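Here is a colleague's note to read beside the structure. Please keep the model open and go through the points in order.

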Amino acid sequence: MTQPVPRPQVVLVVLALGGIVVSLMQTLVIPLIPKLPELLDASPADATWVITATLLASAVATPVVGRLGDMYGKRRMLLLSLGMLIAGSVVAGLSDTLVPMVAGRVLQGFAAGVIPLGISIMRDELPVERLASATATMSASLGVGGALGLPAAALLAENADWHLLFWIAAGLGAVVTALVLAFVPESGVRTGGRFDLVGAVGLSAALVCLLLAISKGAQWGWASGRTLGLFGAAALVLLLWGRWELRTIRPLVDLRTTVRRQVLLTNLTSIVFAFAMFAQSLVLPQILQLPAATGYGLGQTMLVTGLVLVPSGVVMMLTAPLSARITKARGPKVTLMSGAFVVAAGYGLGVVLMANVWHLVLVSALIGAGIGLAYGAMPALIMGAVPVSETAAANSLNTLMRAIGTSISSAVAGVILAQLTVSFGPVQVPSQGGFRLIMGLGSATALVALAIAAFIPGRPSPASTATRSSVRRPPSAPAPAASAPEAYPAERRTRR
């Protein structure tokens, strides 16, 4: 089949649209959560698997698809991921009971690798001068999809058959798939070789145990045998997996690369920063929807709640070009630190401003601006420290670190809100003090992320300019774009 001719602007738009569509899957079912037990004829505890299944599937799929993309073609894996999204949406759209719905959500979770694959394709195909802006835009698509998805899903859920949510998702997935086939070329940058199946199974098992314990710990009890057993199993499997990865010739995750200072500190920053980022998603909707009679709730509908969060996603996308400009002028480390500072300021403001809807719009938009800055810098830092042949795997691992951070954030916030409650009629509701504590914790963790980022090397790592002689490339394939550090001339001049 004839390969599309790369057109940088078109490739960027198509890949960013793919990121937005995939991120919609994270918020698609939020308006349905209170109704899921009734809709699926399931208990409330069982109905939570509709959320948990997607989390686990995305965690398992992201590193595996990233490595397969490096080995056998990023575009091929991108199309496979989009196919999973379409299939999962169709299965969920046909579901009326719990089991097929969970199966559909698992398939949707397998599409989580689209964003890191898209960033990796950009590194291979786009001109150096456009790479920083493109990766920032692609990273911002994660927040844009989430922000736009909530009000759209709420509107449809309130005024139409809930199955329509999944049919629209399937249609959007089909559109993006067609656009990828038409406009996104397959990169010739491949490593080939044999896939590390043992490593993939080991990492998947460890992640399932870890994230299952985190997501279900509050329900099962943090000190219960089931929760502690899963944490213990995760630790043991990770130790055995690490030993295997260090001994195998072509590991799923090159641990020697991940412990390089720039990669390690960027991934640690990603975990902490994602913790801070996700806190607003757990606080703002509840404040908006709690009855005004509580004294601090704003008594808004789900639709209004979604609309309040839209500016955050829009600001995130608008901030992407600024993130690229700071990165080109000062380097991605400064951009990441700036984003963390803005997020910390946004949460600090949120501690004292939560009495009116416009207060939360302002807080959400400010946090979104910081996320846009930081998320645009993370891929640049990762790609500046790894060889071209490991781009997809390294970006996928960084995406996984963010997912772990958001999962921990959800668990911690859940514990706080469950403990700090007030009586409202016959029920207990989260207290205003609990919300303020979470906002303060979000500010503090953003400052911790800033502190960790301060120790990231300020200059590109030599690893990114490593020889590509080991990369298999068809004779007719065009040379890929220069490695990411070459996009930051200011840093290169400093090094000289």
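Predicted model: local features only at pLDDT ≥ 70, side-chain atom pairs only at ≥ 80, totals over all residues.

**Notes on the helices and some residues**

1. Glu38 counts as exposed because its relative accessible area is 69%; exposed means over 50% relative accessible area, buried means under 20%, and partly exposed lies in between (1.4 Å probe, protein chains only). Glu38 lies in helix 2.

2. Residues are numbered from 1 along each chain as its sequence is written, and side-chain values use heavy atoms, with hydrogens and water left out.

3. Asp41 sits in the loop between helix 2 (36-40) and helix 3 (44-47). Helices here are DSSP runs (H or I, at least four residues), numbered from the N terminus. Phi of Asp41 is near 55°, which is a positive value in a residue other than glycine. With 71% relative accessibility, Asp41 is exposed.

4. Two packed helices are described by the angle between their axes and the distance between the axes. Axes are lines fitted to C-alpha atoms, for helices over the stretch in contact, and angles run from 0 to 180 degrees between N-to-C directions.

5. How do helix 4 and helix 17 pack? Helix 4 (residues 49-72) and helix 17 (residues 391-419) make an angle of about 165°, and their axes are 7 Å apart. Helix 4 is therefore roughly antiparallel to helix 17 (under 35 degrees counts as roughly parallel, over 145 as roughly antiparallel, 65 to 115 as roughly perpendicular, and the rest as oblique). The crossing of helix 4 and helix 17 is left-handed, meaning that the near helix is turned anticlockwise from the far one by less than a right angle; clockwise would be right-handed. Helix 4 contributes Leu55, Ala59, Thr62, Pro63, Gly66, Arg67 and Asp70 to the contact, and helix 17 contributes Thr391, Ala392, Ala393, Ser396, Thr399, Leu400 and Ser407; contact means heavy atoms within 4.5 Å. The residues of this contact are six nonpolar, six polar and two charged. Ala, Val, Leu, Ile, Met, Phe, Trp, Tyr, Cys and Pro count as nonpolar, Asp, Glu, Lys and Arg as charged, and the others, Gly among them, as polar.

6. Helix 10 (residues 197-220) packs with helix 17 at an angle of about 25°, with axes 9 Å apart, so helix 10 is roughly parallel to helix 17. Leu207, Leu211 and Ile214 of helix 10 make the contact with Leu400, Ile404, Ser407, Ile408 and Ala411 of helix 17. These residues divide into seven nonpolar, one polar and no charged. Ile404, found in helix 17, is buried at 11% relative accessibility. Neighbours within four places in sequence aside, Ile404 is in contact with Leu207 and Leu211.

7. For helix 16 (residues 357-383) and helix 17, the angle is about 140° and the axes are 9 Å apart. Helix 16 is therefore oblique to helix 17, and the crossing of helix 16 and helix 17 is right-handed. Tyr375, Met378, Pro379, Ile382 and Met383 of helix 16 meet Thr391, Ala394, Asn395, Asn398 and Arg402 of helix 17. The contact has six nonpolar residues, three polar and one charged.

8. The 20 residues of helix 5 (residues 74-93) should span 28 Å at 1.5 Å a residue, and the end C-alpha atoms are 28 Å apart, which agrees; the expected span is 1.5 Å times one less than the number of residues. Buried residues of helix 5 include Met77, Leu78, Leu82 and Leu85. The buried residues of helix 5 pack against several helices, including helix 4 and helix 17.

9. Leu288 is in helix 13 (residues 261-289). Leu288 has a relative accessible area of 0% and is buried. Outside four places in sequence, the contacts of Leu288 include Leu298, Val308 and Leu360.

Terms used
Helix = DSSP H or I, 4+ residues; strand = E, 2+ residues; numbered from the N terminus.
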